[in-house]
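Here is a guided walk through a two-chain model, written to be read with the coordinates open beside you. Shall we begin with the way the chains are divided up?

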Amino acid sequence: MAQDGPQSQTIAVIGGGIAGVTAALEAAETGYDVILIEKEPALGGRVTRLNRYFPKFCHPTCGLEINYQRLRKNPRVKVLTMHEVTAVEGEKGAYVITARRLPRFVNEKCTACGECGKVCETEIDDPYNYGLGKVKAARLPHEHAFPMRYVIDAAVKGTDDEGRIAEACQYGAVDFSEEEEEVTLNAGAVIWATGWRPYDATRLETYHYADSPDIINNVEMERLANHDGPTGGKVVRPSDGEPAKKVALIQCAGSRDVNHLPYCSMICCLASLKHAAYVLEQYEDAEVHMYYIDIRAHDKMQTFYERIKVDPRIKFIKSKPAEIHPGADGRPVVKGERTIDRELYEESYDLVVLATGMEPSAKDISASGDVVKDEDGFVLAIESGDGGQVSCGVAAGPFDVALSTQSGTAAALKAIQAVGAR
Amino acid sequence: MADETKIGIYLCEGCGIAEAIDMDELEQTVSSEYQVSTCKRHAAFCSEEGVAVIEKDVKDGEANRVVVAACSHRVMTDRFNFDGAATVRANLREQIAWTQAPQDEDTNMFAADNVRMALAQARNTDNPEGHENVVKSEKLLVVGGGVAGLTAALEAARAGTEVTVVEKTGQLGGWTRKWSRLIPSRPPYRGLIANNTEELIKAVEDNGKIKVVTNAIVARTEGMPGDFTVTIDHGGSEETDTFGAIVVATGWRMPDDMTPYEKYGLGKVDGVMSGVDFEEVLAAGVEKDGKKLNTIAIVIPCESEQMPYTSGVADRIAIKQAIQVMDTNPDAMVYVLHDNLRAHGQAEELYREAQDKGVVFMKAMVKSAAAGPELTTDDLLLGQEVRLSGLDAVVVMTGMMPNSTNPDLPKAEKGNEFLCDDVNPRVPITVNGEDAGDGDAARAAPSDADDEGAGVAPADCDPENPPLPGGALLNLQYRQGPHIPILYNGFIDSHYICFPYETRRTGIYVCGAVRKPMTAHEADNDATGAALKGIQAINLVKESRATHPRTGDLSYPIFGLDICTKCRRCTVECPFGAIDENEEGYPQLNPSRCRRCGTCMGACPVRTISFKNYSPNMVSEMIEAVEQPDPFDEKPRIMVFACENDAYPALDMAGVNRREINKYMRFIPVRCLGSVTLVWVSNALEKGFDGVMLMGCKSGDDYQCHFVKGSAIAQERIGKVEETLKNLMLEPERVTIEEVSIADSKRVVDLLGKFGDQIEEIGLNPFKGF
């Protein structure tokens, strides 16, 4: 580029979920340098925690594995984990990204041998399992973690574990002197791939999510069904570990509601149909009730819906439940009125799954310059499309995985244009 | 590369390896059995000092092949990467130290075998150098001048790429140009927006890097990425140009079969029209034949079985059209008849706008249509029949049929069978990882390659889903036929969740409604990604590197034609149609079409296809390198060929979880099960292995093979192994194939355990010891 070109030709991708990983790789494989910035200790974001994808029932780690193979072979992508971006400033060609570097207490000398985990006695709520189970404070984030490196929770600081862990490591990889610090990164273009979090179900007051372990949300259901989840893949009641055979799936828990999330989160109906399949597969005498407003099978997914629908053990009830609460026997009870025949119902279940919607994580990050956020927190490139900041995946809108990978690829080209295509 | 092979082997003692394995004994095995240049031990070769040890040896010419006996090849890849020395990994950590009883005799035997196999591999491998440069053009061809095609062209041009757009009609802009108002894509997500297609057309026409050819189709496409020779038929006169990559954006059409819509009166009752025709009415101010239309019912059919091209796009367009009517005439009466209203994403706001403007949404199924027009419906909310009469118009949202063929052209004579659906979403759901059935393998792969000039045997043709009508879009002059293979319902795609742009024809990417049903705005974003993939493919091919999924790989198959029998199995089985036949009938590789999966290698009965770093000989020597214990020791050996993309990671993760793996197993990672030749299976049995297991991805419907057909082809081949076993007087149960997913880190352990037990029950291979 001529001297009036961008100061930096590096593309920064914020968020190492499926959209961000895709965007980073697509740009790097086209010949551009990329910094991939992830706040968690490993890549993969929401999808690595999913059991399966609709409509193929294939495993998210399968596609991630290919992407990690691509990352391992591509020196153009610099992966930063445990970097939480707080602000993006500047303009096309010269952005400054501010991030909090969170202490991992484990440096790059870690071999993932596991000795620190063996001696660690402190347990924490497993963040990988959304707190559904306990995990050692010194741990590999999960079996498919990339990078394959341990992380130690600050909970061990000041305990006997601290000394034991430091001593157990034979590779000089444990470093308790690490402290949170602010770092700045420079880039010529920024791809927002910050993803989402499930809508906070405690805000749906009448659904009493916090009052029963057997009222869970949809991302927790994925962990229950996953072979490396807290139950080893058995869909059971979190309260007592008994089989969850009679299950209610509650659609639009937050979504399509101007008091919560005004938009439709797009994925929940199909994810719930998938959850129905998990239960139906595990228990021959299963009974699944899906409470819905509309079953929104987008693109060509109608076929998927029709496939699940034929199972006589699943019942679709058009109704938005008025209340969900723990019953006298402890089992959660779903109450409301059926929209079709106006009959009132009050039915108890082994497990109730709230199909909580997707809330954009970009809400928390300060953005400025050539990017706008809509009222819901989704990030949009400026209307002219001439800026150096673009978005993809759920940072851009309520998308499914196919749209996230697709938009990640598109974002890579927009970023390449911004840093000055060679 | 030095002439003489000098192997340096590095035995790592870290991560529990030295605790589990007798390292002195292992070193002894190496020095007594092999002529290596150097054998070193270190507490952690991945450490800075450890890497420096190896680097020094390479630099000093001590080693031009490096064997790192440490962790799995899936980790520390960047550190164990040495300029000037091919690196091979022996998995002692995940596979042995973390899965076997420490300091056990069998554990040490396992470790010795892994090292032996790695040494055999090292002797038979070399760093690949990449094929000759084939790039003759870095231009992009875009087929289709609708919103998707125009956007792809413009976005590619903005990134500096020269583009030619070929449009079939005389007018750019496709369907979208005809719509008077569009769905908003930005906040506040309500309020229809003006159609900006004319601006898009102008931007394309004004762009110096874009050449537009209208009234033209692609008559023929020859060659490969970097060198596609394309003949463009421009109203009868032909013009030839060369392109680096191709974006297909041929969009959609009304379904060829409109009979399912007759129950709504379409084509039968006056006043009933399609959503497409209704756009003209909307553009004319909601007037038809000079008459204002005030009372309108918009019907959204959604039963996918009857109407296979229905999609969620219809619902959003119905809402848009309803709003447009109300915007033009606030006193109008619009009913939208739906089952589940699919206003997903931000379209919820549009739905709200329509309700605010008085549109009546009815959850109702149309039973019949009669003159008037009037509709008899089952209103699902009222639970009763509701008749809508006095309507000025009934609008039926018909489906979007992908233009994966050109309906204006006659069916291609040869290769049309390749358009058969090979994924059927209506098969019963199996989510437990077990094989769905035996039928898949037989359907998925051609059984007889000797069939003269027949292309791929259409064994996978579903009679209920016959090939689509029409001619080929690009008319590919490929041995496997002129079409781009499709998925269910005719959409061109191959891995629509993780890798949405990939097709089974390298360097050819699809976007817009030919890939999946989408709105104009969605097509816009979709096209941008396809443009990137085209540019990326050209860049990779310039460096002789592979595209997805082995992106960047420099290795490529080399054909030893001197012993080739012209059996054509390689040209038929290649999942990507990369291999043609020359005039003499010999295979001719188009290197940049190749994805490097090795399916051709697995297909070749005379073992004359090989990669520099992956060959029939290399694996045969690895098989032979495993020591077969004396039969009196009663220690079976079982060879497992594991797909490196899913099965092998699952095995690694069994190690990460410290799950015990059957101690008699020996593993060889393979690029894809499609690359496994039966010769390896018989080799293993002849050398005394007591059993052989192939571990690959799910095949058939809803396949999960990254190379689409590799695992299906492997199943097909294994189906024939029984004969080989009979000839060897061996039990057929000694050879098995298992579909394994990457999430099977528990299940693989059980599978291996059971197979091990089964082999022990059958007894040792009588060949052992010979």
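In chain B, 49 Å separate the centres of domain 1 and domain 2, taken over C-alpha atoms. Please keep in mind that the model is predicted. The domain assignment of chain B gives domain 1 as 1–127, domain 2 as 140–253 + 403–424 + 459–542 and domain 3 as 259–398.

Chain A also comes in three parts: domain 1 (11–102 + 180–197 + 359–419), domain 2 (115–168) and domain 3 (200–356). Between the C-alpha centres of domain 1 and domain 3 of chain A there are 30 Å. These two domains do touch: 11 residues of domain 1 of chain A are in contact with 18 residues of domain 3 of chain A. On the domain 1 side of that contact, the residues are five nonpolar, one polar and five charged.

**Where the chains meet**

The contact between the chains draws on 70 residues from chain A and 75 residues from chain B. On the chain A side, the elements that give two or more residues are helix H2 (60–73), helix H6 (268–282), helix H7 (302–309) and helix H8 (401–419). Which of them gives the most to the side of chain A that touches chain B? That is H8(A), with 12 residues. Sorted by class, this side of chain A has 28 nonpolar, 19 polar and 23 charged residues.

**A helix pair in chain A**

H6(A) also has a partner within its own chain. The axes of helix H5 (residues 218–225) of chain A and H6(A) come within 11 Å and cross at roughly 30°. Angles under 35 degrees count as roughly parallel, so H5(A) is roughly parallel to H6(A). Their crossing is left-handed. From H5(A), the contact is made by A:Asn218, A:Met221 and A:Ala225, and from H6(A) by A:Cys268, A:Ala271, A:Ser272, A:His275 and A:Tyr278. By class, that contact has five nonpolar, three polar and no charged residues.

**The seven-stranded sheet of chain B**

Now for chain B, where seven strands form an open sheet in the order S15-S23-S18-S19-S20-S21-S22, with mixed pairing. Its edge strands are strand S15 (272–274) and strand S22 (384–388) of chain B, each pairing on one side only. On average, neighbouring strands of this sheet are turned by 40° against each other, direction ignored.

Within the sheet, strand S18 (residues 295–299) and strand S23 (residues 393–396) of chain B run parallel and are joined by four bridges. Which residue in S23(B) stands opposite B:Ile296? You will find B:Ala393 there.

Helix H9 (residues 312–328) of chain B lies across S18, strand S19 (333–338) and S23 of chain B, running at about 170° to S19(B).

These helices also meet one another. The axes of H8(B) and H9(B) come within 11 Å and cross at roughly 20°, which makes H8(B) roughly parallel to H9(B). H8(B) passes H9(B) in a left-handed crossing. At their contact, B:Gly275, B:Phe278 and B:Leu282 in H8(B) meet B:Ile317, B:Gln321 and B:Gln324 in H9(B). The residues of this contact divide into three nonpolar, three polar and no charged.

**The three-stranded sheet of chain B**

Another open sheet of chain B has three strands in the order S10-S11-S12, and its pairing is antiparallel. Strand S10 (216–224) and strand S12 (237–243) of chain B are its edge strands. Here neighbouring strands are turned by 20° against each other on average, direction ignored.

S10(B) and strand S11 (residues 227–234) of chain B are joined by eight bridges and run antiparallel. Two residues lie between the strands of this hairpin, in which B:Gly226 takes a positive phi near 90°. Bridge partners from this pair of strands include the following.

| Residue | Bridge partner in S11(B) |
|---|---|
| B:Val218 | B:Ile232 |
| B:Gly223 | B:Phe228 |

Technical notes
Residues numbered from 1 in each chain as written. Chains lettered and ligands numbered in written order. Predicted model: local features only at pLDDT ≥ 70, side-chain atom pairs only at ≥ 80, totals over all residues. Contact = placed C-beta atoms within 7 Å. Nonpolar A, V, L, I, M, F, W, Y, C, P; charged D, E, K, R; others polar. Pairing = 2+ DSSP bridges. Axes fitted to C-alpha atoms, helices over the stretch in contact; angles between N-to-C directions. Domains from an automatic or database assignment. Parallel < 35°, antiparallel > 145°, perpendicular 65-115°, else oblique. Left-handed = near helix turned anticlockwise from the far one by under 90°.
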